[in-house]
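Subject: Structure for your review

Dear colleague,

Please find below the structure that I am handing over to you.

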Amino acid sequence: MKAMEWLGDRLKVLDQTKIPKKEAYLELSRYQDIASAIVGLKIRGAPAIGVAVGYGLALGALKIKAETQDDFRHELKAISHALAATRPTARNLPQALERMEKVAEKDEDVEQLKQALVAEAVKIHSEEAEATLKLSQLGAALIKDGSTVLTHCNTGALATAGYGTALGVIRQAHEQGKKLKVLATETRPLLQGARITAWELKEAKIPFTLITDSMAGYFISQGDIDCVIVGADRIALNGDTANKIGTYTLAVLAKEHGIPFYVAAPLTTIDPALASGAEIPIEQRSPDEVTHIQGVAIAPAGIEAANPAFDVTPHPLITAIITESGIIREPFGDGIKKILGSG
Ligand code: MRU
């Protein structure tokens, strides 16, 4: 099963909104299709949306009719803005676009620039896949044989267009022969845990139990959990981490009960421009996602509902951040600077 595949003039993606009911693939040939697939969460997960906007910009570039470099770059900039506006929290998205725009600055003719942009998008994809495999291999060392691990949201192959972040670490530990049990939270409101993580764990034959988000405190207080591991959408320079709503609650619970709380993410998720998590933009989604489950109303009509899609976990609650270049611990500021400097 491939989450995302470049077919030369279009991108084939597994529609994540259809999992687990069916494995439906979409073939997207316009940047607008990629933008709406990201807004509609058909493509989701920070590394996966980074990879997708790279391909989106390449597709947009291929269709530009301009003949001069300046006109070409001008149109490309507008496409990049449209792709950047799809979702605000994941750092991987602007990171990939900035990288693509740099390629378009090369002093080459328009046709060469188009080919260079396609090549760069493919490179972003393969590097991201490699990074998530590497960080999963490094992170697996933190997971003890016989342990029970709690994870939140979906951070596997589908969310990364590669191997996975938190779920990648779990999968690596399992592939290394460690006996593990996983507790996966359902992840309200959009159920990425119940729909996608449960599907990926089942496919990988990793023993797991699905719980509602509100059961986490019960299981942690019973002493049933050895560690919590999650992914990240954006990490500030001091280690503060934005991830799926509910992550902060899990980090507070882990601290209270003295169990490790790990964050797994590629370096493309770290934002070198942000000093702390207070500066991370948090996506506010439609209240309909809270008042409805898969289109069915579960609350009275016309009420108010809030829907922040992410929260920020302050770095003192984080035991370690697992990246492809190494595992970072407090003081996170120094560790992050060192890793970014050497990367
Ligand atoms: O709103 P989503 O489903 O895109 O949110 C995804 C997450 O919060 C993941 O934990 C995150 O992107 C990290 S790893 C893929």
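Between them, domain 1 and domain 2 bury about 2800 Å², and 54% of that area lies on carbon and sulfur atoms. Please note that this is a predicted model. The domain assignment of the protein chain places residues 4–133 in domain 1 and residues 134–342 in domain 2. To the contact between them, domain 1 gives 31 residues and domain 2 gives 39 residues. Taken over C-alpha atoms, the centres of domain 1 and domain 2 are 25 Å apart.

As to polar interactions, 24 residue pairs are in polar contact across the interface of domain 1 and domain 2, counting pairs with both residues at pLDDT 80 or more. Three elements each supply two or more residues to the side of domain 1 that touches domain 2: α2, α4 (92–104) and α5 (110–139). Of these, α5 provides the largest share, with seven residues. By residue class, that side of domain 1 comprises 16 nonpolar, eight polar and seven charged residues.

How many salt bridges are there between domain 1 and domain 2? The count is one.

Proline 189 is placed in the loop between β5 (181–185) and α8 (192–203).

Leucine 41 has phi near 60° and lies in the loop between α1 (31–39) and α2 (46–62). For glutamine 294, phi is near 45°, and this residue sits in the loop between β11 (292–293) and β12 (296–297).

Are these two residues buried or exposed? Leucine 41 counts as buried because its relative accessibility is 10%, under the 20% cut-off. Glutamine 294 is exposed, since its relative accessible area is 54%, over the 50% cut-off.

Yours sincerely,
A colleague

How values were computed: Residues numbered from 1 in each chain as written. Predicted model: local features only at pLDDT ≥ 70, side-chain atom pairs only at ≥ 80, totals over all residues. Heavy atoms only, no water. Helix = DSSP H or I, 4+ residues; strand = E, 2+ residues; numbered from the N terminus. Buried < 20%, exposed > 50% of the residue type's maximum accessible area, 1.4 Å probe, protein only. Domains from an automatic or database assignment. Contact = heavy atoms within 4.5 Å. Buried area = accessible area lost by both parts, 1.4 Å probe. Salt bridge = Lys/Arg side-chain N within 4 Å of Asp/Glu carboxyl O. Polar contact = N/O pair within 3.5 Å; in protein donor to acceptor, adjacent residues only side chain to side chain. Nonpolar A, V, L, I, M, F, W, Y, C, P; charged D, E, K, R; others polar.
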